[in-house]
Amino acid sequence: MSIIFFLIGCSILLALVFLGAFFWAQKSGQNDDLYTPSVRILLDDADEDVESKPKK
Amino acid sequence: MKESAIDGQTLCYHCGNECIEELHLVDAKAFCCQGCKSVYEVLEANNLCNYYNYNQHPGANRAIVDARFEYLDNQTIISDLVDYSDDKITIVSFYIPAIHCSSCIWLLEQLNRINPAIHYSRIDFLKKQVTIRFSNAEISLRQVVELLFNIGYEPLISLQDVIKKQDKSDKDNLVQKIAVAGFCFGNVMLLSFPEYFGLSGVEQTFRHFFGWLNVLFCLPVVFYSGTEYFSSAWNNLRNKVLNIDFPLALGIAVLFIRTVTEVYTRTGAGFGDTLCGLVFFLLIGKFVQRKTYHHISFERDYRSFFPVAVSVIESGAEVHIPLSQLQTGQRIIIRHNEIIPADAILLKGEALIDFSFVTGEANPVSKTLGEIIYAGGRQTGQAVEMEVIKPVSQSYLTQLWNNEAFSRKQGKGMEIFSQKVSKYFTIVLLIIAFSTLLYWLPEDYKKGLAAFTAVLIVACPCALALSTPFTMSAALSIFDKNFFYLKNTAIVEHLARINAIVLDKTGTITTGDNKTIRFEGALSGKEKQLIYSACINSSHPLSRMIYTFLKGIERLKTEEYTEVPGQGILAVIDGHYLRVGNSKLVFGRNEDETQLTRVHVLLDNVYLGYFAFTHQYRPGLENIGYLAPDYNLFLLSGDQDHEKYELLKFFKDQDAMRFNQSPQEKLNFINSLQRSGATVMMIGDGLNDAGALKQSDLGVALTDNVNNFSPGSDAILDGRSLIKLPVFLKFSKDAVRIIYLSFLISLTYNIIGLSYAVTGNLSPVVAAILMPLSTATIISFTSIATHVAAKRRKLI
């Protein structure tokens with residue numbers, strides 16, 4: 001049964017990694033704007049082929 | 001706004017407005033004005049016409065364009081505006097009110113296709129902000145702003161935004177704190193289960209191990225996530241206030257100490273999961289309460305209304321200086337549609353000043369040379385030169401902000417219900433806890449201590465602390481759906497306590513363009529055509545109303561045209577001599593302006609009749625009139641009293657209406673109402689109401705477009721929803737009633753818990769069940785009840 005000591009250690013370590021990931025995401029501003037990306041993904045990329053005349 | 005072409009109307013391809021005055025055709029697409037057309041041409045030249053594919057008519061109307069960005073060459077202003085700048089690149093963020101659809105996002109993120117010197121542009125849609133990074137060797141800040149302007153997205157650059165930049169660092173990591181508390185809560189619960197379900201003899205070694213792990217997890221919860229409660233309780237104690245944070249902090253501390261002791265002495269499992277759950281739920285409540293509208297500012301004052309820079313004449317040349325550097329004695333140039341930033345004397349040019357924002361007076365006033373013009377007026381017409389006679393902060397208008405009403409701190413002295421209750425709650429809690437201790441002490445001091453701490457744990461007012469935020473935030477989102485935006489959750493309770501309502505007139509119960517027009521007399525088709533052709537030359541609001549009234553006629557050639565400022569139009573059209581204007585112009589004498597505004601028409605010296613303009617009030621004013629017995633209604637107007645008799649049907653009593661009120665008088669009136677014991681709600685729209693809005697217990701700014709300028713206030717109401725005001729008042733009372741009920745529910749839970757606790761037999765399982773259960777009850781009760789109440793009031 002002492003394997004439980006090891007397993008609990010592993011599970012906590014894993015959980016800490018996820019907590020760390022969340023902190024990193026928060027710090028790097030990934031959660032600052034939760035709306036715009038949902039619109040942005042629906043917009044097409046610029047059609048490169050027509051972009052022939054370089055302006056100003 | 002119409003969405004598509006109906007019965008032969010031509011809609012502008014860019015902005016979707018009807019093409020009435022002008023019609024420009026490019027590539028078989030119609031444009032209503034030069035501005036819209038030029039935007040299309042810029043986009044067309046850069047292959048960006050996809051813009052028009054995502055949404056129909058995505059643009060904003062550009063009929064009135066007057067933008068001068070020379071001031072953006074001034075180094076002081078640049079350094080105030082940019083977020084970051086080095087010798088290669090500059091990063092700047094702008095607030096752009098015109099952002100409203102996916103086309104906007106698409107176009108503004110394609111800026112580098114128009115100019116490659118812009119490396120990157122990113123939009124935050126909800127904040128209506130664009131962040132731009134550009135290479136400052138190839139393009140200047142001014143050119144970037146001009147580019148934005150040319151594609152129809154003029155950024156709003158105002159003094160206040162410049163100042164706001166410096167003090168926006170009040171981040172307290174609430175989300176991180178919730179994450180830590182939630183993480184620990186989950187783990188501690190998992191580790192506590194074996195204890196609750198019972199451990200067999202072989203597994204006893206785990207008990208100790210799990211106990212210490214729990215203590216380990218409690219450490220960050222208490223010392224990172226929960227610190228705020230301790231500091232807040234301590235600060236309040238020092239100010240001799242007992243607020244709800246005190247019993248909460250006490251509960252957290254007792255939970256922690258008892259858990260550590262029990263684990264250390266191996267007497268029990270401790271209350272680790274209750275502790276983590278408590279802090280977690282409390283922080284969630286805090287998070288819910290903190291609803292913010294990113295795109296609305298409640299804190300605006302005159303600074304966001306005034307320009308960032310002014311044109312000053314210095315030794316013969318025109319230079320742009322930041323407004324803060326403007327001194328008395330300097331000569332300034334004010335162009336068409338610019339705002340006069342400081343009290344000044346008119347030196348050169350014809351001044352026709354629109355004071356609607358300052359005084360509420362609707363029609364522009366003409367001023368003669370040498371006259372003092374007060375700050376806040378907007379010049380309409382040619383450029384004028386003036387000499388500044390008072391610094392910006394001391395002019396007639398801005399002096400209002402020196403009033404003590406503006407220096408007062410938040411809160412306005414109104415105590416919300418939960419604050420009142422928590423005072424008594426804390427006292428009762430302490431009495432029960434200590435009497436339990438005294439009761440057990442002679443018999444068994446261990447049991448006494450156990451009972452004492454158990455009382456503090458179980459009575460910890462978690463559910464109590466959550467009922468207000470959850471009810472209020474639910475109410476807030478209901479208001480939000482009805483275009484009524486409240487600054488914070490406490491305002492709902494203030495709304496419920498109002499007993500006097502003061503309304504401003506111009507802009508609040510009337511709207512500028514909401515007059516109705518009719519012609520007294522008869523007009524033939526030809527006559528209509530002549531009048532239409534004369535009025536279309538003029539930009540005066542009354543002329544605009546006349547030609548929109550007569551719209552759909554072919555325009556005739558104008559042979560001669562003169563506009564007499566403040567009087568009317570003299571024109572020769574198609575060989576006919578036409579006079580359109582007031583009685584001074586048409587009859588050569590003044591008539592007594594009683595109630596109606598009239599525009600007379602004289603054709604070839606034959607009097608045809610007059611256009612009568614009657615005021616139309618916002619729909620819903622009758623509903624507000626019906627509030628009369630329960631609420632005292634008042635009207636404050638900066639305008640003349642010529643609408644007095646029309647308004648009497650809404651306000652019943654002549655004493656309830658005050659005309660010719662200066663901004664300061666409005667403020668004083670509110671103050672005198674408050675001294676007579678009333679709780680006053682002020683509804684206003686302009687800078688002239690700013691003082692009254694601030695002084696009142698609840699200032700509501702009424703606006704037709706929430707992104708436009710509105711003075712500092714506690715709430716912003718969209719003009720369309722004024723009709724719902726009585727319902728809003730009733731609903732706020734419902735919300736307060738829901739809070740009362742949820743307090744009762746949470747007190748019931750506390751009493752059940754206490755009955756266990758005073759005997760000293762509180763087991764960790766009971767606490768661990770009771771706490772989340774009461775929290776869940778409160779959250780679901782408040783959300784459902786608020787929803788039901790809103791449905792009953794037909795708000796959703």
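**View 1. Helices α9(B) and α12(B) cross at roughly 30°, and their axes come within 9 Å.** Helix α12 covers residues 272–289 of chain B. The model shown here and in the other views is predicted. Angles under 35 degrees count as roughly parallel, and α9(B) and α12(B) are therefore roughly parallel to each other. The crossing in which α9(B) passes α12(B) is left-handed. From α9(B), the contact takes in N214(B), V215(B), F217(B), C218(B), V221(B) and S225(B). Their partners in α12(B) are G272(B), L275(B), C276(B), V279(B) and L283(B). The contact of α9(B) with α12(B) has 8 nonpolar and 3 polar residues, and no charged ones.

**View 2. Chain B meets chain A through 21 residues of chain B and 20 residues of chain A.** Elements of chain B that each supply at least two residues to the side touching chain A are α4 (102–108), β5 (118–124), α8 (174–197) and α9 (204–225). Of the elements of chain B, α8(B) gives the most to this side, with 5 residues. Sorted by class, the side of chain B that touches chain A holds 12 nonpolar, 7 polar and 2 charged residues.

**View 3. Helix α1 of chain A packs against α8(B) at an angle of about 170°.** The crossing of α1(A) past α8(B) is right-handed. On the α1(A) side, the contact is made by I12(A), A15(A), L19(A), F22(A), F23(A) and Q26(A). On the α8(B) side, V175(B), Q176(B), A179(B), F183(B) and N187(B) take part. Of the residues in the contact of α1(A) with α8(B), 8 are nonpolar, 3 are polar and none is charged.

**View 4. An open sheet of chain B is built from 7 strands with mixed pairing.** The strand order is β16-β28-β27-β26-β17-β24-β25. The edge strands, each pairing on one side only, are β16 (484–486) and β25 (657–658) of chain B. Helix α26 (residues 663–675) of chain B packs on the sheet and touches β17 (500–504), β24, β25 and β26 (680–684) of chain B. The direction of α26 makes about 160° with that of β26(B). Strand β24 (residues 632–636) of chain B runs parallel to β25(B), and 2 bridges join these strands. Within this pair, L635(B) stands opposite M657(B) in β25(B).

**View 5. Strand β11 of chain B pairs with β12 and with β14 of chain B.** Strands β11 (residues 351–354) and β12 (residues 365–367) of chain B are antiparallel and share 3 bridges. Here A351(B) faces K367(B) in β12(B). The pairing of β11(B) with β14 (residues 378–379) of chain B is also antiparallel, over 2 bridges. In that pairing, D354(B) is opposite R378(B) in β14(B).

**View 6. Chain B is divided into five domains.** Domain 1 covers residues 1–66, domain 2 covers 70–157 and domain 3 covers 302–402. Domain 4 consists of two segments, 483–511 and 618–733, and domain 5 spans 516–614. Taken over C-alpha atoms, the centres of domain 3 and domain 5 of chain B are 32 Å apart.

Key: Residues are numbered from 1 along each chain as its sequence is written. Chains are lettered from A and ligands numbered from 1 in the order in which they are written. This is a predicted model: local features need pLDDT of at least 70, side-chain atom pairs count only at pLDDT 80 or more; totals for chains, interfaces and linings use all residues. Two strands pair if DSSP finds at least two bridges between them. Helices (H or I, at least four residues) and strands (E, at least two) are DSSP runs, numbered from the N terminus. Two residues are in contact if their C-beta atoms, placed from the backbone, lie within 7 Å. Axes are lines fitted to C-alpha atoms, for helices over the stretch in contact, and angles run from 0 to 180 degrees between N-to-C directions. Ala, Val, Leu, Ile, Met, Phe, Trp, Tyr, Cys and Pro count as nonpolar, Asp, Glu, Lys and Arg as charged, and the others, Gly among them, as polar. A crossing is left-handed if the near helix is turned anticlockwise from the far one by less than a right angle, and right-handed if clockwise. Angles under 35 degrees count as roughly parallel, over 145 as roughly antiparallel, 65 to 115 as roughly perpendicular and the rest as oblique. Domain bounds come from an automatic or database domain assignment.
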